[in-house]
Amino acid sequence: MTPLLRLRGLTKHFPIAGSGRVVQAVNGVSLDIAPGETLGLVGESGSGKTTVGRCILGLTGISAGGIEFEGADLLEARRRDPRSLRGRIQIVFQEPADALDPRLRIAASVEEPLLALGIGAEERRRRVAEAMDLVRLSPHLLRLYPMELSAGQQQRVGIARAMITRPKLLVLDEPTSALDPTARADIIALLMQIQRELNTAYLFISHDLSTVRFVSHRIAVMYLGMIVEQGDAATVFAEPRHPYSAGLLSSVLLPNPHLRRATRISLAGEIPSPIDLPPGCFLASRCPFVVEACRAAMPPAEALGGGHLVHCIRHGEVAKAERAADTFDRFQQEAERILSVGAPAPLAQHG
Ligand SMILES: Nc1ncnc2c1ncn2[C@@H]1O[C@H](COP(=O)(O)OP(=O)(O)OP(=O)(O)O)[C@@H](O)[C@H]1O
């Protein structure tokens, strides 16, 4: 099956003015997203998650690599006809208040993406009503200004605004981080319902591992601009094979002590600068499993079966340590407790 989105070797380096040097924000990211699938993109602050999203949306140019959307070269298609793909990929931001113009009534914010598509007033009104219905908001709110809405309602408006062009792919950049737990659970349930109804694919960028585990079919773990591990969500969370993923997962202190991991894979030392990355594995200076070969060259992606890919020559050792730690998929249990919503629908086309 043709993936909806395919990134191959996506690279984005930002030049530092006057220095001749670059920030290596994204370094050869390859991944696929199937129609109707949620890919969770996780990693520490500065790992390049937002930059990947911005490259897909065309908000920033790329330095190398390729992006295919529905089997065609996305950048080429945008160059040929900038309008052709407008609205097919949309974004929902972390801060709903940032995405909405405080001087515009909700109706004007929601319909705004349709103006760029040249859609007439009557059709816009119909689509605005449809979008408000999709996000379960009363049409009465259309007359109000963003500051008159709760944060959860504002984020629903942000989703209505993104969905109004009927996108195939939604980039969700920390969509629930600014919300309180109740509003967060509501928004997650809403996003999952929209996906079931419309088969929209999500690139779900987040620091919140419990939420990501809960909503995602697959997970990609990013470190210094690289996807160090990707695979089925249950597999990556229960059996991480890259020391960075294992460290990231074991560093999370779940509120329930019974769900915490028995032993920790801890990553000591400083993160290298994205301006001056080492020649070998970017984790070598912090990795408890490091051997000399790790410092010589970046290990290629190794396929472990079932779409599980890992950039680590020591993944067998990580597996042993993980087995010794008696781990199981605690994140799923914790997420179910916090969010108390049903599991994501399985992907019919997936697997
Ligand atoms: N416009 C820019 N110019 C220069 N450097 C940039 C620019 N945008 C991002 N960067 C750098 O690129 C790297 C990746 O940043 P990015 O925002 O994509 O990471 P992130 O994983 O999304 O982080 P966060 O979770 O904090 O949003 C960082 O080192 C950042 O400082």
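Start by selecting Arg 314. Leaving aside residues up to four places away in sequence, Arg 314 touches Phe 289 and Val 291. Keep in mind that this is a predicted model. Arg 314 sits in the loop between strand E12 (309-310) and helix H12 (315-324). Is Arg 314 buried or exposed? Arg 314 has 22 C-beta neighbours inside 10 Å, so it counts as buried. Arg 314 and Ala 220 are 94 residues apart along the chain, and their C-alpha atoms are separated by 19 Å.

**The whole protein**

Zoom out. The protein has 13 helices and 12 strands. Of its 351 residues, 42% are buried. Look at contacts between residues at least 6 apart in sequence: 68% of them join residues at least 24 apart. Next, select residues 5-249. An unreviewed UniProt entry annotates this span as "domain: ABC transporter". The span is 39% helix and 27% strand, and its end C-alpha atoms lie 27 Å apart.

**The eight-stranded sheet**

Show the strands. Eight of them form an open sheet in the order E6-E7-E8-E3-E9-E10-E12-E11, and the pairing is mixed. Which strands stand at the edges? They are strand E6 (89-92) and strand E11 (302-303). Each has a single partner strand, so one side of each is left without a neighbour in the sheet.

Pick helix H1 (49-57). H1 packs on this sheet and touches E3, E6, strand E7 (169-173), E8 and E9. The direction of H1 makes about 150 degrees with that of E7.

Move to E3 and strand E8 (residues 201-205). These two pair in the parallel sense over four bridges. Find Thr 38: it stands opposite Tyr 202 in E8.

Select residues 218-223, strand E9. Why is E9 largely enclosed by the rest of the structure? Six of its six residues are buried, so the strand is largely enclosed. Turn on the side chains. In a regular strand, side chains alternate between the two faces of the sheet. In E9, Arg 218, Ala 220 and Met 222 point one way. Ile 219, Val 221 and Tyr 223 point the other way.

E3 and E9 pair in the parallel sense, over four bridges.

E9 and E10 run antiparallel and are joined by six bridges. Here Arg 218 has Asp 232 of E10 as its bridge partner. The two strands form a hairpin with two residues between them. Click Leu 224 in the turn: its phi is positive, about 45 degrees.

Finish this stop with helix H10 (residues 243-250). H10 lies across E9 and E10 and runs at about 100 degrees to E9.

**The four-stranded sheet**

Go to the other sheet listed here. Four strands form an open sheet in the order E2-E1-E4-E5, with antiparallel pairing. E2 and strand E5 (72-73) stand at its edges. Each has a single partner strand, so one side of each has no neighbour in the sheet. Select strand E1 (residues 5-16) with E2: they pair in the antiparallel sense over 10 bridges. Within this pair, Arg 6 stands opposite Asp 32 in E2.

**Around the ligand**

Select the residues around the ligand: Phe 14, Val 23, Ala 25, Gly 43, Ser 45, Gly 46, Ser 47, Gly 48, Lys 49, Thr 50, Thr 51 and Pro 274. Strand E2 (21-33) and helix H1 (49-57) are the elements that give two or more residues to this shell. Which element gives the most? H1 does, with three residues. Color the shell by class: four residues are nonpolar, seven polar and one charged.

**Two last stops**

Show helix H4 (residues 106-116) and helix H6 (residues 151-163). Their axes come within 7 Å and cross at roughly 30 degrees. On H4, the contact is made by Ile 106, Ser 109, Val 110, Glu 112 and Pro 113. On H6, it is made by Val 157, Ala 160 and Arg 161. By class, the contact has five nonpolar, one polar and two charged residues.

End at Ser 210, in helix H8 (residues 209-215). Ser 210 has 23 C-beta neighbours inside 10 Å, so it counts as buried.

Note on methods. Residues numbered from 1 in each chain as written. Predicted model: local features only at pLDDT ≥ 70, side-chain atom pairs only at ≥ 80, totals over all residues. Buried ≥ 20, exposed ≤ 12 C-beta atoms within 10 Å, placed from the backbone. Pairing = 2+ DSSP bridges. Contact = placed C-beta atoms within 7 Å. Near = placed C-beta within 6 Å. Nonpolar A, V, L, I, M, F, W, Y, C, P; charged D, E, K, R; others polar. Axes fitted to C-alpha atoms, helices over the stretch in contact; angles between N-to-C directions. UniProt positions renumbered as here; feature names shortened; annotations may be inferred.
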